[in-house]
Amino acid sequence: MKNEKAMANFILKEAEAKESLRKRISESALEYYTGRYLFGLITSLLLFGMLIYFCIFTAIIPIWGLYAIVIAIVALLESKRNAGRVDAMIKLAELDSNASPPNSKNKQND
């Protein structure tokens, strides 16, 4: 009985891991930035606000410098998101390849 329960828990955890990886692969950018990383979204909005403040009110950073900084930050965020998606694809492929194929010896010919 304990073996069956342990095996059921293992299969359930593996199914949950696969579903989590599939969700990560298929989620949109909006879901990624607002859903899971709310703290990161708030921090990045504060950073962008600070950059705009420096650009407009104090004139420390020229407007073309602000554009370059914003483009670099957005590119960094997107590259991290896509790297996570690729890692999830690799892990999912490994989990699918390690799954045991159905046993053809137990099939009955009708």
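1. A quick term before we start: a residue is buried when its relative accessible area is under 20%, exposed when over 50%, and partly exposed in between (1.4 Å probe, protein chains only). By that scale, glutamate 78, at 24% relative accessibility, counts as partly exposed.

2. Please keep in mind that this is a predicted model, in which local features need pLDDT of at least 70 and side-chain atom pairs count only at pLDDT 80 or more, while totals for chains, interfaces and linings use all residues. Residues are numbered from 1 along each chain as its sequence is written, and side-chain values use heavy atoms, with hydrogens and water left out.

3. Among the buried residues of α4 are Gly65, Ile73, Gly84 and Leu92.

4. The structure holds three salt bridges (a side-chain nitrogen of Lys or Arg within 4 Å of a carboxyl oxygen of Asp or Glu). One of them joins arginine 81 to glutamate 78, with the closest N and O atoms 3.1 Å apart. These two residues are three apart in helix α4, so about one helical turn separates them. Arginine 81 counts as buried, at 9% relative accessibility.

5. Lysine 18, in helix α1 (residues 2–26), deserves a careful look. At 14% relative accessibility, lysine 18 is buried. Its side chain meets that of glutamate 14 in a salt bridge (3.8 Å, N to O), and glutamate 14 is partly exposed, at 24%. Being four residues apart in α1, glutamate 14 and lysine 18 are about one helical turn from each other.

6. Lysine 18 also forms a salt bridge with aspartate 96 (3.4 Å, N to O). This pair links distant parts of the chain, since aspartate 96 sits in helix α4 and lysine 18 in helix α1, 78 residues apart. Aspartate 96 is partly exposed, with a relative accessible area of 39%. Together, Glu14, Lys18 and Asp96 are linked in a network of salt bridges.

7. Finally, turn to tyrosine 53 in helix α3 (residues 38–58). Tyrosine 53 counts as partly exposed, at 43% relative accessibility.
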